[in-house]
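Visitor: Could you walk me through how to read a few features here? Let's start with charged side chains.

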Amino acid sequence: MRSEKEKMLNGELYDAMDPELVSERERARELTGQYNQTTPDAREERRNLLEELLGSLGDECYIEPQFRCDYGYNIHVGEKFYANFDCVILDVCRVDIGQNCLIGPSVHIYTATHPLDADERIKGQEYGKPVTVGDNVWIGGQAVLNPGVNVGDNAVISSGAVVTEDVPDNVVVQGNPATVVKEAEPNQ
């Protein structure tokens with residue numbers, strides 16, 4: 001029989017109150033709590049905490065406090081990654097963020113979701129869908145990426161956008177739900 005963690009990682013219904021998962025979320029809370037208490041000049045300490053928390057991270061990875069996540073180990077970020085203040089990543093499934101990505105303040109990325117059927121929701125089970133963000137992406141402040149979306153390379157997600165569907169390469173999206181408003185042209 002598969003563990004609740006295995007079910008979670010595979011995007012199947014799972015029990016989030018499973019003791020192993022509760023313990024792993026508590027570990028993430030401890031590490032993010034420590035990270036969020038560091039001073040701006042504590043670069044080495046911040047790097048060490050991110051290496052312990054995240055699944056993988058490239059060089060020149062910087063996350064402004066306050067940062068929150070569910071588990072941390074499902075988050076993978078590339079080279080030259082920057083997340084501004086108050087970033088939240090609910091990583092019950094994998095979150096892959098490419099190279100040269102900028103995340104504005106108060107951006108939320110969700111992989112966690114719940115059944116639409118009320119009877120199923122009441123049972124307390126949930127599931128997740130992975131999120132992928134390509135290279136050279138800029139996500140504006142207070143944008144939300146919903147479970148299962150893929151954001152293409154060189155895309156721009158405007159401030160306040162709610163991304164509910166995949167975003168192609170080289171476009172700007174805005175609104176709720178986010179829609180393509182123009183091509184992201186070089187040198188703009």
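Guide: Side chains of opposite charge can pair when their charged atoms come close. Here, K7 and E4 meet through their side chains in a salt bridge, 3.0 Å from N to O; the term asks for a side-chain nitrogen of Lys or Arg within 4 Å of a carboxyl oxygen of Asp or Glu. K7 and E4 are three residues apart in helix α1 (residues 4–9), so about one helical turn separates them. The structure holds seven salt bridges.

Bear in mind that this is a predicted model: local features need pLDDT of at least 70, side-chain atom pairs count only at pLDDT 80 or more, and totals for chains, interfaces and linings use all residues. Residues are numbered from 1 along each chain as its sequence is written, and side-chain values use heavy atoms, with hydrogens and water left out.

Visitor: At what angle do the axes of α2 and α3 cross?

Guide: Two packed helices are described by the angle between their axes and the distance between the axes. For α2 (residues 19–36) and α3 (residues 43–53), the axes come within 10 Å and cross at roughly 165°. Axes are lines fitted to C-alpha atoms, for helices over the stretch in contact, with angles from 0 to 180 degrees between N-to-C directions. Helices are DSSP runs (H or I, at least four residues), strands too (E, at least two), numbered from the N terminus. α2 and α3 are therefore roughly antiparallel, the label for angles over 145 degrees.

Visitor: And which residue is the bridge partner of D15 in β12?

Guide: That's Q125. β1 and β12 (residues 125–128) pair in the antiparallel sense over two bridges; pairing takes at least two DSSP bridges between strands.

Note on methods: Parallel < 35°, antiparallel > 145°, perpendicular 65-115°, else oblique.
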